[in-house]
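Biologist: I am new to this structure and would like to learn how to read its features one at a time. Could we look at it together?

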Amino acid sequence: MNDRIVTKTDEIMAMTGSDVSVDVSFATEPLSFIFLALVGIHMTHELGHRAMANAYKLNITAPTLVPSSSTGILTAITDLKSPPKDKNQLFDFAIAGPLAGYALSLAALLTGLALTAVADNSAIAGFPNLPVGFLRQSSLGGGLIETFLGNSIIYLPEGAENMQDQLKVALHPAAIAGYYGLLVNAMSLFPFGRTDGGRILTAMGGRISASVLGNIAMAILFLSGLVSGSNLLLLYFSFFLVFQKEQEIPAKNEVEPLSPTRILVGGIVFLVAIKTVSPL
């Protein structure tokens, strides 16, 4: 977002809980579009879970939205209240949300990039912008931006790494919402506890393997956040540790193995998630 919007957002967050009347006239149309598009992506993710729960007659909670000062919503939590029949049902319930969210995020990103590519200079001047450094945080998202817009738009010349937060790229609001959506859905696939990724890993490898690999993944996430100085990674680490560290409730039948097709799909989905959160 532009610096004015970020500054104003920080001021409002600092006043949260006070009696001060907040002027929200700064909420421009592009920002409103991005927020609503992100809400739509989150809701689509949750509808994926809901549709699978209905198909299997699983009892689940209503989604709990977790707020974020930068995007409005960080993520959502939906818990199982009744056990799935077997690992296949657990897998299907867990993966349905990210697949739906990824599909809409990719559609929004590609549509926004197409609109950015054909926009004239006056339209581009009104688009929000994101730092090149942030756009390079996703090999998948950044690669698509580079492919559509070309001209090495997020390329950093040698020795210019310290300028990656000053260099910015104007994008159609749909592209920004789609880019954020990819990151949010990728992080939902983080293989730990009751995240969607944790459920998928439990279905694929069993509870002991999921616990061991989940703890290793958390250590990597924490160290990555420290080394890179990424507050976002450290935020997710804290969120997972506090709210989603418990393993999912056991399925009624945890002896019958997951089907080979689901194992293949799970592996592909994890690779896509890694590609999404791996920097260029």
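Biologist: In which helix do Phe-239 and Phe-243 lie, and how many residues apart are they?

Modeller: Please keep in mind that this is a predicted model. Phe-239 and Phe-243 are both found in helix H10 (residues 231-243), where 4 residues, about one turn of the helix, lie between their positions.

Biologist: How is a pair of aromatic rings described?

Modeller: One gives the distance of the centres and the angle of the planes. The structure holds 7 aromatic pairs.

Biologist: Why is the pair of Phe-239 and Phe-243 called tilted?

Modeller: For Phe-239 and Phe-243 the ring centres are 5.4 Å apart and the planes stand at 40 degrees, so this pair is tilted. These two residues also belong to one aromatic cluster, formed by Phe-190, Tyr-236, Phe-239, Phe-240 and Phe-243.

Biologist: Is Phe-239 buried or exposed, and is Phe-243 buried or exposed?

Modeller: Phe-239 counts as buried because its relative accessibility is 6%, whereas Phe-243, with a relative accessible area of 57%, is exposed.

Biologist: How are two packed helices described?

Modeller: The description uses the angle between their axes and the distance between the axes. Here, helix H8 (residues 196-205) packs with helix H9 (residues 207-228) at an angle of about 135 degrees, and their axes are 7 Å apart. That angle makes H8 oblique to H9, and the crossing in which H8 passes H9 is right-handed.

Biologist: Which residues of H8 and H9 meet?

Modeller: On the H8 side they are Leu-201, Thr-202 and Gly-205, which meet Arg-207, Ser-209, Ala-210 and Leu-213 in H9. The residues of this contact between H8 and H9 divide into 3 nonpolar, 3 polar and 1 charged.

Biologist: Finally, how far apart are Thr-111 and Ala-175, in sequence and in space?

Modeller: In sequence, Thr-111 and Ala-175 are 64 residues apart, while in space they are 6.8 Å apart, taken from C-alpha to C-alpha. Thr-111 has its place in helix H3 (residues 87-118), and with a relative accessible area of 44% Thr-111 is partly exposed.

Definitions and conventions
Residues numbered from 1 in each chain as written. Predicted model: local features only at pLDDT ≥ 70, side-chain atom pairs only at ≥ 80, totals over all residues. Heavy atoms only, no water. Axes fitted to C-alpha atoms, helices over the stretch in contact; angles between N-to-C directions. Helix = DSSP H or I, 4+ residues; strand = E, 2+ residues; numbered from the N terminus. Parallel < 35°, antiparallel > 145°, perpendicular 65-115°, else oblique. Left-handed = near helix turned anticlockwise from the far one by under 90°. Contact = heavy atoms within 4.5 Å. Nonpolar A, V, L, I, M, F, W, Y, C, P; charged D, E, K, R; others polar. Phe/Tyr/Trp six-rings, centres within 6.5 Å; stacked < 30°, edge-to-face > 60°. Buried < 20%, exposed > 50% of the residue type's maximum accessible area, 1.4 Å probe, protein only.
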